Amino acid sequence: MKNVSKKKLIITACVFLIVLGGVIYFMGNKNKVKELPVTKGVEVVPTMDDNLSRDASWCSTFQLVWNDMKNEIVKQDVVFSPQIKMVENLNKESFTEDMLSDEYYFKIYGFKNLELKEKIEKGIKEKFNQTSDILNDFDWSDEALDDPTSRPEIRRYFFYTMLYREFEYENKFDLLNNAKFGKYDNIKYFGVSKNTKATIRDQIDVLFYNSKNDFAVKIRTKNNDEVIFYKNPEGETFKEIYDNMMKKTNEFEGSVSFTEYDYFMAPIISFNVKKDYKELENKDFETADGNTAMIEKAIQTIKFSLDETGGKVKSEAGIDSWKTTAVGDEKKPRYFNVNDTFALFLKEAEKDVPYLAVRVDDITKYQNN
């Protein structure tokens with residue numbers, strides 16, 4: 001009997017530990033965005049003013065790190081030579097941090113060092129229970145850090161923002177039968193049908209309805225977020241699309257109530273995209289104090305999921321940059337970058353005339369092999 005009781009006690013203890021472990025794991029991971037596979041074919045644009053391809057995404061995080069770099073370090077518009085349309089749009093600062101509640105984002109910048117990296121990791125953990133997907137894509141070796149002692153003429157900076165948000169509908173929508181989306185079959189949907197409860201329908205506001213192919217609706221959530229669907233959007237940028245939607249909303253004179261006779265269906269979606277802003281890297285530009293600055297690396301990620309219960313968004317952006325600084329009477333560094341048409345000569349050290357000369361204009365002709 002004693003052996004049987006002992007065995008039962010051991011089994012009970014094991015079950016308790018397994019359950020406890022599951023609870024701890026759930027509590028520690030409940031806020032983490034589900035790992036999504038990398039999505040191909042969805043463009044990331046840095047501002048709402050940039051032209052779009054057919055599938056595109058935007059989040060405010062990159063604009064926020066750009067604003068910090070521009071206002072705190074450059075102290076004037078960033079100007080490349082030649083200028084880039086993307087940079088012109090970013091310089092407009094069409095999105096600023098006062099357009100977003102503090103609870104939505106974590107933002108920091110400073111001299112690039114391991115202490116700053118630690119502050120970022122600790123900050124997003126404490127605020128969102130999240131880890132970064134981009135920090136380790138930047139170079140944190142000794143040579144890449146700010147070192148005012150041995151390299152006072154160049155100061156290294158790092159700018160970082162994470163936006164994280166979870167939202168839930170007051171009442172869960174119905175899962176609907178799979179159906180077509182354009183030319184695609186068997187797509188998963190959520191929404192309301194003929195027999196859906198009134199409490200679910202009441203979450204939907206009609207912005208406008210001109211036809212079954214030209215409408216916009218808004219779903220309210222219990223987290224003060226709104227989810228808006230605009231079918232067949234018009235415009236070449238997100239700003240144009242949004243402005244056109246609001247124009248139609250303001251002009252709409254029909255009923256804005258979602259009634260018991262109305263239907264609604266929306267696809268379940270999720271995506272995970274990453275943008276390396278190569279077009280911004282390794283181009284020097286002038287700061288307001290007459291020094292030179294350069295962006296070495298710029299990255300943005302966007303993860304988003306939406307279903308019948310609500311949604312999650314996680315976006316990060318980082319800019320690794322440096323600026324020259326006058327130190328005493330030292331001259332500013334010079335940059336001997338052979339990155340355009342050049343001539344090359346070979347000669348013997350003690351001779352006056354070279355024995356080989358090359359002029360390179362189209363570099364592709366010299367790299368075919």
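## Basis of the model

Because the model is predicted, local features need pLDDT of at least 70 and side-chain atom pairs count only at pLDDT 80 or more, while totals for chains, interfaces and linings use all residues. Residues are numbered from 1 along each chain as its sequence is written, and side-chain values use heavy atoms, with hydrogens and water left out.

## The chain as a whole

The secondary structure comes to 6 helices and 16 strands, where helices (H or I, at least four residues) and strands (E, at least two) are DSSP runs numbered from the N terminus. Of the 369 residues, 38% count as buried, a word that stands for under 20% relative accessible area with a 1.4 Å probe, protein chains only.

Among contacts (heavy atoms within 4.5 Å) between residues at least 6 apart in sequence, 64% join residues at least 24 apart. The chain exposes about 23,000 Å², of which carbon and sulfur atoms supply 52%, the areas coming from the Shrake-Rupley method with a 1.4 Å probe.

Strand 5 and strand 6 (residues 184–192) run antiparallel and are joined by 5 bridges, and A179 stands opposite I187 in strand 6.

## Helix 6 and its buried face

Helix 6 (residues 238–251) has 14 residues that should span 20 Å at 1.5 Å a residue, and its end C-alpha atoms are 20 Å apart, which agrees; the expected span is 1.5 Å times one less than the number of residues. The buried residues of helix 6 are I241, M245, K248 and T249. Seen down the axis of helix 6, they fall within an arc of 105°, so they line one face of the helix, the arc being that of the directions from the helix axis to the C-beta atoms.

What covers these buried residues includes strand 7 (204–211), strand 8 (214–220) and strand 9 (226–230).

## F95 in its loop

F95 lies in the loop between helix 3 (85–91) and strand 3 (105–111), and F95 is buried, with a relative accessible area of 13%. Leaving aside residues up to four places away in sequence, F95 touches W58, S60, Q63, L64, N67 and L100. F95 and C59 are 36 residues apart in sequence and 9.9 Å apart in space, C-alpha to C-alpha.

Conventions
Buried < 20%, exposed > 50% of the residue type's maximum accessible area, 1.4 Å probe, protein only. Pairing = 2+ DSSP bridges.
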